[in-house]
Amino acid sequence: MHIALYVGQNPQRTALLAFAAPIVAACAHRVTLITPVSGQNDLDEVVNQLHINTAIPVQHRCQETTFAAAILSAVQTERPDLLIAPAFPPHFIRGRRLEFNLLAALPVSFLRVQGHVSASPIRRIAVASAGGEQSLRCVPLVSQIARAFQAGVTVLHVSSQEVVYFDGFVASPLTEEVALQLDELTGTMLRRLVKELNTQGVDCHLQVLNGLVEETLLSESQHYDLLVIGSHEVSGVVPEPGGRWVRMLQRLSLQDVTRDLLERSPIPVLVIR
């Protein structure tokens, strides 16, 4: 796997390097380190902290003057399989705004290091799925990470329900079996996702929950080391530099469950592109 890391100065750099080091050691066959020009002198120290195997080629991309420009320029040129980047704390308002504009424009899958970062290797992975066919895009990346750490994977599906009152009657939460029977297409796709991960040698099972999608996933994710989610994309459109309306649509695509989970997740989040 070709892994790119943003290693410029930021409040989360220590946590990012601690979280990324075992992933790089277990999965990377090539590494790209990204920083603005101002961070070039820190790269030797970063390499030492990551303990990168000398057999793995490491490329330094020191360019641009801001973190957003440095990352976007590097990933557009290098097209890594995975970008690992830090989350900006909420009180860094300008940096946070630039970060989410950047995330909306990224053409590759990215892992945002945030919240509780476990010092131990990844052992439990939660894959949030609405049951769409696009969920299958996570299989190559998730299976590789899961196998590397012998991690268990749970596919989480939230059956969103309104509480219904009728003549004093309150509807009970649906069981997993009933929820998937009511939406046969979703059930079929969720079971296919589990089967695909099992076929890749991953210990994976399905868990169906009841409740509000975002709140339920945020609550459940506290029991895991990594949360995997998809992102809505602008299909059939190839972004061009300066395409304002394309960038606007990309930003809007993160103003849904994906963006809410990114902002509020208590653990690192992997977004599949």
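The conversation below sets values against definitions.

Modeller: This is a predicted model, in which local features need pLDDT of at least 70 and side-chain atom pairs count only at pLDDT 80 or more, while totals for chains, interfaces and linings use all residues. Residues are numbered from 1 along each chain as its sequence is written, and side-chain values use heavy atoms, with hydrogens and water left out.

Colleague: Why are Tyr 6 and Phe 67 called an edge-to-face aromatic pair?

Modeller: Rings of Phe, Tyr and Trp (its six-membered ring) pair if their centres lie within 6.5 Å; planes under 30 degrees apart count as stacked, over 60 as edge-to-face and the rest as tilted. The centres of Tyr 6 and Phe 67 are 6.3 Å apart and their planes make 65 degrees, so the pair is edge-to-face. A search of the whole structure finds one aromatic pair.

Colleague: What makes this a link between distant parts of the chain?

Modeller: Tyr 6 belongs to strand β1 (residues 2-6) and Phe 67 to helix α3 (residues 67-78), 61 residues apart. Helices (H or I, at least four residues) and strands (E, at least two) are DSSP runs, numbered from the N terminus.

Colleague: How do you know whether Tyr 6 is buried or exposed?

Modeller: Buried means under 20% relative accessible area, exposed over 50%, and partly exposed in between (1.4 Å probe, protein chains only). Tyr 6 has 3% relative accessibility and therefore counts as buried. Phe 67, with a relative accessible area of 12%, is buried.

Colleague: Why is His 51 called exposed, and Arg 79 partly exposed?

Modeller: His 51 has a relative accessible area of 65%, so the residue is exposed. For Arg 79 the value is 49%, which means that Arg 79 is partly exposed. His 51 is in the loop between α2 (43-50) and β3 (58-62), and Arg 79 is in the loop between α3 and β4 (82-86).

Colleague: What makes the phi of His 51 worth a remark?

Modeller: Most residues other than glycine have a negative phi. His 51 is not a glycine, yet has a positive phi of about 55 degrees. Arg 79, also not a glycine, has a positive phi of about 50 degrees.

Colleague: How do you know that Arg 124 lies over the face of Tyr 224?

Modeller: A charge sits over a ring if NZ of Lys or CZ of Arg is within 6 Å of the ring centre and within 35 degrees of the ring normal. Arg 124 is 4.4 Å from the ring centre of Tyr 224 and lies over its face.
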